[in-house]
Amino acid sequence: MPTPAVAAPAAGTDVIHTRRGDEVRLRFVTPADGEVLQAYIRSLSPRSRHRRFLGALSELPKAVLDDFVALGRNDRYSLVGMMDRDGVADIVAEARYALDRATGRVEFGLSVHDRWHGHGIGPALIADLERRARALGGLTLSGDALRTNDVMIALARKAGFTIQPHADDWTLVRFEKDLRAHQVQRVSQHDELTAAI
Ligand SMILES: CC(C)(COP(=O)(O)OP(=O)(O)OC[C@H]1O[C@@H](n2cnc3c(N)ncnc32)[C@H](O)[C@@H]1OP(=O)(O)O)[C@@H](O)C(=O)NCCC(=O)NCCS
């Protein structure tokens, strides 16, 4: 049975940074964000929208938009990355992630506005999503990308994801990271460091 949307928790806001140090405030969406989120999606280049949603669309269908802003419904969560410019907060990125409780798999998709590509927001957002996935009790973090999406594939590889052809769709690749393996690795690195000190 679908789980209902939960009220936006006050917690859940993080600050990430572009490579040159600009702040991007990452927060959960609220139902009041519907219009600005849709405006953000419309303002992406057709190529970025296609890469993000794995198909051609000019905006989010209403039902999808409603789902995007219903935080926590069916263990799905949406984030927006806000940046202040001249006293106005603009959406510069968004991400959506979902926990499958049966498998412990957390799936995500994300976009950074074309104007901000190449500034390090994508890598910082993925690091944040990894932290959120662990906090949810996720065992793996994964997603799909068009196999022509060289930037996402390079970014995922650099972030420690394995890239595999998609089992059901030859136009896609699947990137996946085992969060347990990396936790063990981090602990053992920490132990080594402690031992070295
Ligand atoms: C994919 C996306 C999120 C990347 O975000 P971004 O903030 O522009 O990412 P950046 O360019 O700052 O960083 C990408 C990394 O990949 C590297 N990279 C980019 N293109 C590369 C290429 N062709 N070959 C090798 N490395 C490449 C960059 O050098 C960078 O690595 P670094 O951090 O070690 O320098 C952004 O391009 C986007 O929103 N695309 C449209 C939507 C999309 O593709 N979503 C993914 C599918 S869900």
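Predicted model: local features only at pLDDT ≥ 70, side-chain atom pairs only at ≥ 80, totals over all residues.

Tutor: Our helix is α5, which runs over residues 150–158. Start with the residues tucked away: Met152, Ile153, Leu155 and Ala156 are the buried residues of α5. They all sit on the same side of the helix, because they cover an arc of only 165° around its axis. The general rule behind such patterns is that an α-helix has 3.6 residues a turn, so residues three or four places apart point the same way.

Now turn to the face of α5 that looks away from the buried side: there you find the exposed residues Asp150, Val151, Arg157 and Lys158. What covers the buried residues? The cover includes the strands β5 (105–112), β6 (140–146), β7 (162–165) and β8 (172–178), along with the helix α4 (121–135). Just after α5 ends, look for Gly160, which takes a positive phi of about 90°.

Next, find the ligand. It has 22 residues around it, and those that come nearest are Arg19, Val112, Gly120, Gly122 and Asn149. On the ligand's nitrogen side of the story, one nitrogen atom is 2.9 Å from a polar backbone atom of Leu110. His117 uses its side chain instead, with a polar atom 3.5 Å from a ligand oxygen atom. Taken alone, the ligand exposes 960 Å², and the protein buries 75% of that.

Conventions. Residues numbered from 1 in each chain as written. Heavy atoms only, no water. Buried < 20%, exposed > 50% of the residue type's maximum accessible area, 1.4 Å probe, protein only. Helix = DSSP H or I, 4+ residues; strand = E, 2+ residues; numbered from the N terminus. Arc of directions from axis to C-beta. Contact = heavy atoms within 4.5 Å. Near = heavy atom within 4 Å. Polar contact = N/O pair within 3.5 Å; in protein donor to acceptor, adjacent residues only side chain to side chain. Areas by Shrake-Rupley, 256 points an atom, 1.4 Å probe, with all protein chains shown as cover.
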